[in-house]
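Open the structure in your viewer and keep the selection tool ready. We will go from stop to stop, picking residues and looking at what surrounds them.

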Amino acid sequence: MRPLQAIICLLSDEAGAEVVPLTIDGITAGRSTRGHRFLSPDAFTVNGFDDYEAKLKRAHVILRADERAEVIWNDATQQAFASGLELVEDHGLLAEVAGLVEWPVVLLGRIDDAFLGLPPEVLQTSMKEHQKFFSVRNPKTGRIERFVTVANMATADHGATILAGNQKVLAARLSDAKFFWENDLRRVKDAGLEGMGAGLANVTFHNKLGSQADRIARIAALAREIAPHVGADPDLAEQAAKVAKADLQSAMVGEFPELQGLMGSYYARAAGLDPAVAAACQDHYSPLGPSDAVPTAPVSVAVALADKIDTLTGFWAIDEKPTGSKDPFALRRAALGVIRLVLENGLTLRLGQRTGSFAVAFTMMVTQQSMTGFDEKLADLLAFFHDRLKVYLRDQGIRHDIIDACIAMPGNDDLTLLVKRARALAETLATDDGENLIQGFKRANNILTQAEDKDGVEYSYGADLKFAEDDAEKALFAALDAADAQIAPAMAAEDFSTAMTAMAALRGPIDAFFTAVQVNDDRQVIRRNRLNLLSRIRKICLSVADITKIEG
């Protein structure tokens, strides 16, 4: 960023542009400025913004950052393509470099052959972090073979001197990376991947939750418990969890922390471990955010879930929960990660029961002996998950009251089941029958509740067709029998769409009943029978979802 040397402040109208009197730090506003300090150093005057932008470009300054980024991207991709290679996309780096230059000149450089054996991610990370270079990949091999640097000016030798200097500095940086890589591989060969991670016993994860090694032992045990639920081999899941964080002790991750997990996968392959273990080393941190890919390989899923559930139950156990906007341990992100792992893999995994994954994880906590309020913490953590689930589903167009109606039902710690029910309810309520059924249900429920409060009894059984007098009343009996016959087996089979379609079909008979029949008849036998009939409406509808929580 150049220091402030001139200020242009013009006010334009039909008559032209006039300078607005303005002084900042001793600099008085005018209509003159300068271009590129080496390529076009002379001053020039401008008469408005369009004139300013055009004259700057003639003076070797591209004013707009997006235009500079476009120039860089187009020139870099074309030069890479001309060499039979492809530019590795990096939007963040592109925006950063576009902000560093005024007159971008793209130069394609070479990486010394001695470094081409490094993992491509190491080359890419080192060049990006230290030199702001773009990586250029061979599409046939996947190797990073060249780089792109962006100079701030054109030179008589077409950038040869700039490239020579950059390549010399790059060689020194990559020599360090090569040393780290080769040293780490020797350690893995000598001591294995668990040996590389042995030092984690001396690294504190949290003063109330023990060392990283303590945490790894918990994750390994939990991964083994979760494995059968996700179709993973328990032995492989446990093994993967034991070595997944070993690369935290590697020299490469010490230099480039953003490569943790990825380097573990390379070291696992070098150690001859099962490919599923190597994949889990790389994937167990995922998903890190809403746009991050979700692991699908069973062993990776088991370890990723165990890692996140251990984090959540650990901090719940020591009462370190998110408060307001504060979430120092990224627990909301961890919860969203569990939600996405479960839902996007279609898993049936009970979380909140005393035998569920949360409870198993709680019992592994180092603070378990002193932890009080086990059930309360379990329920509180599940409620936290439900809140996160509401946010996740709201972005997919499912209303919070629909989710609440499903959370109130049994089995709400099975997230896949819960979401399946919520989607079916949302689809039902999107129909005329579904929407109007809610009104009929609420009318029936209100009448029934008022009568039960007044009479001090519960009208929950005993509706008998023989006391039905009106055809609409008899039709409702038949409709409820038919709905019950469909809904009960559908709910048992977790076929929520069929159950809710059957429930919505009650809309017509319920409307007709209320049009034709007075519930609170003067004859007590008839009144009781009709109230018990309303109770059947309530019971059948509430067997599908807690419709009392639906708004409107």
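**Stop 1: a salt bridge to start**

Select D380 and K321. Their side chains form a salt bridge, with the closest N and O atoms 2.9 Å apart. D380 lies in helix α14 (residues 374–394), while K321 is in the loop between α11 (298–317) and α12 (331–344), so the pair ties together parts that are 59 residues apart in sequence. Now show the surface. D380 counts as partly exposed, at 31% relative accessibility. K321 counts as partly exposed too, at 35%.

Side chains of opposite charge can pair when their charged atoms come close.

**Stop 2**

Colour it by pLDDT. The mean over the protein is 92, and 96% of the residues reach 70 or more. Which helix has the lowest mean pLDDT among the elements? Select residues 357–363: that is helix α13, with a mean of 63. The highest mean, 98, belongs to helix α10 (residues 275–283). Where pLDDT is low, the predicted coordinates should not be read in detail.

**Stop 3: further salt bridges**

The count of salt bridges comes to 32. Select E238 and R224 for another of them: N to O, the distance is 2.8 Å. E238 sits in helix α7 (residues 234–243) and R224 in helix α6 (residues 212–230), so this pair ties together parts that are 14 residues apart in sequence. E238 is partly exposed, at 22% relative accessibility. R224 is also partly exposed, at 33%.

Next, select D521 and R530. Here the closest N and O atoms of the salt bridge are 3.8 Å apart. Are these two residues buried or exposed? D521 counts as buried, at 15% relative accessibility. R530 is buried as well, with a relative accessible area of 5%.

Now pick R215, R218, K245, D307 and D310 together. Salt bridges that share partners join these residues into one network.

**Stop 4: a buried charge without a salt bridge**

Select D414. Its place is the loop between α15 (400–407) and α16 (415–429). D414 is buried, yet it has no salt bridge. How far away is the nearest side chain of opposite charge? That side chain is R350, at 5.0 Å.

What else is around D414? A polar atom of its side chain lies 3.3 Å from the backbone nitrogen of T416. Leaving aside residues up to four places away in sequence, D414 touches L347, T348, L349 and R350.

**Stop 5: a sheet of four strands**

Switch to the cartoon view. Find the open sheet with strand order β7-β9-β10-β8, in which the pairing is antiparallel. β7 (86–87) and β8 stand at the edges with a single partner strand each, so one side of each is left without a neighbour in the sheet. Strands of a sheet pair through backbone hydrogen bonds, either parallel or antiparallel.

Zoom in on β10 (residues 144–151). Eight of its eight residues are buried. Look at its partner β8 (residues 105–110): six bridges join β8 to β10. Select V106 and you will find V150 as its bridge partner in β10.

Then turn to β9 (residues 134–137). Four bridges join β9 to β10, and the two run antiparallel. F134 has V148 of β10 as its bridge partner. Six residues lie between the strands in the hairpin of β9 and β10. In that hairpin, G142 takes a positive phi near 80 degrees.

**Stop 6**

Most residues other than glycine have a negative phi, and most peptide bonds are trans. Select these exceptions.

- **K132** has a positive phi of about 60 degrees, although it is not a glycine. K132 lies in the loop between α4 (120–131) and β9. It is partly exposed, with a relative accessible area of 27%.
- **D25** is not a glycine, yet its phi is positive, at about 50 degrees. Look for D25 in the loop between β3 (23–24) and β4 (27–28). D25 counts as exposed, at 74% relative accessibility.
- **S286 and P287** are joined by a cis peptide bond, with omega near -5 degrees. P287 lies in the loop between α10 and α11.

Methods:
Residues numbered from 1 in each chain as written. Heavy atoms only, no water. Buried < 20%, exposed > 50% of the residue type's maximum accessible area, 1.4 Å probe, protein only. Pairing = 2+ DSSP bridges. Lys, Arg positive; Asp, Glu negative; His and termini not counted. Salt bridge = Lys/Arg side-chain N within 4 Å of Asp/Glu carboxyl O. Polar contact = N/O pair within 3.5 Å; in protein donor to acceptor, adjacent residues only side chain to side chain. Contact = heavy atoms within 4.5 Å. pLDDT = per-residue confidence, 0-100.
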